[in-house]
Amino acid sequence: MYLDNPQQLIDWHDKIIAKQKKIKKKILVCCGPGCLANGAQDIIERFKTVLKEKKISGFTVDALKETGCHGFCEQGPLVVIEPKGLYYTKVKVKDVEDIIEQSIKNDKTIDRLLYNDPQTDKKIEKYQDINFYSHQKKIVLNNLGNINQCNIEDYIANDGYQALSKALTSMSPQRVIDTVTKSGLRGRGGAGFPTGRKWATCRNVESDVHYVICNGDEGDPGAFMDRALMEGDPFSVLEGMTIAAFAVGAKQGYIYVREEYPLAVVNLQKAIEIAHENGLLGDNILGTDFSFNIKISRGAGAFVCGESSALMKSVAGEVGEPRAKYIRSVIKGLYDKPTVLNNVETFANVPIIIRKGASWYNKIGTPKNSGTKAFSLVGKVRNTGLIEVAMGTTLREIIYDIGGGIIDGRPFKAVQTGGPSGGCLPASKLDLPVDFDSLKEAGSMMGSGGMIVMDDRTCMVDVAKYFLGFLVNESCGKCVPCREGLYQLHALTVKVSEGKAEEADLEKMEKLSEMVIIGSLCGLGKSGPNPLLSTIKYFRDEYMAHIRDKRCPAGVCRALITYKITDACTGCMACIAPCPTHAITGKKNERHVLDQKLCTKCGACFAVCRYDAILVS
Amino acid sequence: MNYRFIVRPNLCTGCRSCELACSFTHSIDNIRGLTRIYPLDGGFKDLWVPVTCLQCEDPACVKSCLVDALRLNPNTGAVELNQDICVHCMACVAACPFGCSIFDEQHDMIVKCDLCGGDPACAHFCPTKALEWKPIEVKKKKVAI
Amino acid sequence: MVNLTINGRIVQAKEGEMLLTVLRREKIDVPALCHHDAVEPFGACRLCTVEITKEDWNGHSNYVTSCLYPVEEGLIVSTHSPKVNELRKTILDLFLARHPNSPEVRQLAADYGVLKTSYETVVDGNNCILCGICTRICDAMGFHAISTVGRGHGKEVAPPLHQVPPDCVGCLACAKNCPTHYIEYIFDNNYLTIWDKKFELMTCSRCGKKTITKEFAEYLSKNRDIPISYFEICDECHRKELAATMGQITSWEREA
């Protein structure tokens, strides 16, 4: 319904709430990236089909909702029944009829679908009681998993667009900026620059045109927070951008979405159209004289285009190469006009801050790091998924209380934060609070929120090699320190992993890293050596093992390990077929033989063996 | 400006002092530069014409330069070539209808008369005043014959 | 006007001027391979990096490329500090690893004391240092015939789709300004070949000397309002023509 004035928004909100009160039960099916990959779409279709057939009284198909990422990706596909909060995990298509019969038609719980707490070995009914959730503080991800992604009524029911209405009707642009400044919001893309200050600087530049851009490029491997927000709660991003545009004086905005997120583009586009239809975007928003339009700009598969100046060139249709930022983009950005560029999560925080006030937001987190941060917790933890915690939460709490500790009870080795710009921290740093500043001192950074947990089977040299290889591929190639320097650093880590390096090479890597850091043009190069430097700092012994002893303690670097079949072999022949080079021979019930000359150390036999008969040394 | 460059072919003896002066004044690293002034056969007995840049009001060389390396110096009235900007494409050499933008092979650069920045050496050395750097009251710049 | 300190000496400069311009004016030699005054500064080679600080920075330093850094009041610049020297050496060292056969690179590296690379030599290293001067000049002149293609270590300078560039007019500005003389071109009788494109050359109708390409002459004639006839005579013959014309006029004067 087209909103001509703010009062209509309030009326609409009240009408929706009243309508929703009539719904006795809601089925929420998680359609976040993880669950979608696991078949959530089929589950939705099955629900629709069965519900149409069954015609349950007091329940319509409208109460079935596709939602964004609920967070516990490890346990997906997820189905939540509200208002009870009943939480079903690892749901399959064939469970759908059962769920409808037992939990919708009746009020029964299906035990076999409940989450089983590994520590207590008890089943938990409600997700709020699961450790993974109870230790989180969901603010910016609050809507995710609870609303249908592109349903504006769901968004409004959750107080959506009230912040925009408040800003447009009872606040001045300067007051909006002051509120954001007072809240202490810092850029969630990784740099942590005070958002209010950025907006203030941009606003103060005299120009006929100002721009607002949302950075949805999210290039860090292992990070999917922004993806979940763009796909699962697109209106929050739009509302945040619109408030920013009002504060800064912009009439045109862009959302730069990386090419690898087609669903985010679809959902954002849908949300933009719906917002237009309802007078919440475009000309005369909510009947005021403020107009703002948003266009989606797609990336083309380049990590470097997440860098703000490269992103702006890409939006302008030019080659995505960064430029020196001695003249900052808030002053001269897109098309040389003053531009505010913020991350998806930063924008999603804005409506909440305006609605609930700066002091409310400030109380969360720590003095210089207010609010919360979304993380994608991945790697060797039991509970992988999308989480949100207050700033200042320690690594230990995240990895153990929320993450549930290391899989198979193996020892914790390191946690990598901040993607290719960040570093690895060892067990001794587990009690560090996670925020913009504390991790930097230890040699890492919080970054945009990727958190990769590693156990003793991870080789830190291999990790450094991986990240350097990634950056060599993604470097734009404009400046010499990054293009050639990272290339040579990568070559040196390859040398180490192959046992061909000398002790002098370690010092060479450290010195070259320092030069790459001071000489590079943009953040990609400047922070590129961080994974290498942090792993050398905390795991120097491991590097020395590779260099001096030609040994890979974690058993990863192929040139330095051998696979052997031990006495535990039962002759089950399970490993013979998977071997790509036919290196394993043997008859049934006879101990198999592995020909070292043919072995490529791919690990296929190791993965398949049920008797732990493959030894990697 | 207060001066104009006057050329009187009638007085030119073809002694080529101007050529020498120009060449030496534009030396770089002790290697003489290419002369920007050429006393040439006028086609009649005892008639020489010192050919040099006419500092046109609508210079073809300026129009031909795609990187804006040729600009009028308002103090001297000369069209000057900025060597740092010049990209050696030879457009001005080909475009000048008087052949006064020239390629100095020894120094590997394109050169043209810049009136020596306001005190042309050739006029200084010309024994017959066929070349004169004359002060004027009127604010007009023309090369008179 | 702003006051700044460079290597301990107080220097004046125009506000907003790039630091490299000031350094050059003060005759301070700082290498800048990707710099060319015909185009905007690029900041690719990083050789012109200098160390800067200010009094209120509490001893903290920043490293910036002087070609792109606008001067400020109170800036304190060090052009050859230990870290800067180390950076330059490292860059030249990296260059040597990738371009071992370029005499220009070897000479510049030797000037900074780097005689041999300490890194792995890149197997397919050619002499293109990816300074971007050629492509930027081509763009500045309005042709956009070549550009940098690809990303990262595989980046190269090439015409669109690695085919004969339709927009190239054979002005040779790219080849003439390449710091390592990497771009090849061949003069052969009436023709010039560059980027695999063959161009016919304008021939002086008086003496037969070859000047610029026909395409370049036609481009200039069409787009810069210059009669095409200007390009049909070489500079030497133009001078002779001017002498003849002036001579004729003078002879009338003498008769009179």
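User: What domains does the assignment give for chain A, and where do the bounds come from?
Analyst: There's domain 1 (21-128), domain 2 (152-362), domain 3 (366-455), domain 4 (460-547) and domain 5 (562-617) in chain A. The bounds come from an automatic or database domain assignment. The centres of domain 4 and domain 5 of chain A, taken over C-alpha atoms, are 34 Å apart. Keep in mind that this is a predicted model: local features need pLDDT of at least 70, side-chain atom pairs count only at pLDDT 80 or more, and totals for chains, interfaces and linings use all residues. Residues are numbered from 1 along each chain as its sequence is written, chains are lettered from A and ligands numbered from 1 in the order in which they are written.

User: Which way do α18(A) and α19(A) run relative to each other, and why?
Analyst: α18 (460-474) and α19 (480-497) of chain A pack at about 150°, with axes 9 Å apart. Axes are lines fitted to C-alpha atoms (for helices, over the stretch in contact), and angles run from 0 to 180 degrees between N-to-C directions. Under 35 degrees counts as roughly parallel, over 145 as roughly antiparallel, 65 to 115 as roughly perpendicular, and the rest as oblique. So α18(A) and α19(A) are roughly antiparallel.

User: What is the hand of the crossing of α18(A) and α19(A)?
Analyst: Left-handed. That term applies if the near helix is turned anticlockwise from the far one by less than a right angle; clockwise would be right-handed.

User: What makes up the contact of α18(A) with α19(A), by class?
Analyst: Among the residues that meet are Leu468(A) and Leu471(A) in α18(A), and Leu486(A) and Val494(A) in α19(A). Contact here is a C-beta matter: those atoms, placed from the backbone, must lie within 7 Å. The residues divide into ten nonpolar, four polar and two charged. Nonpolar covers Ala, Val, Leu, Ile, Met, Phe, Trp, Tyr, Cys and Pro; charged covers Asp, Glu, Lys and Arg; the others, Gly among them, are polar.

User: What makes β8(C) and β9 a pair?
Analyst: Pairing takes at least two bridges found by DSSP. Four bridges join β8(C) to β9 (191-194) of chain C, so the pair passes that cut-off. Ile186(C) stands opposite Thr193(C) in β9(C).

User: Which pair of chains shares the most contacts?
Analyst: Chains B and C, of the two pairs in contact. Chain A and chain B don't touch, and their nearest C-alpha atoms are 22 Å apart.

Key: Helices (H or I, at least four residues) and strands (E, at least two) are DSSP runs, numbered from the N terminus.
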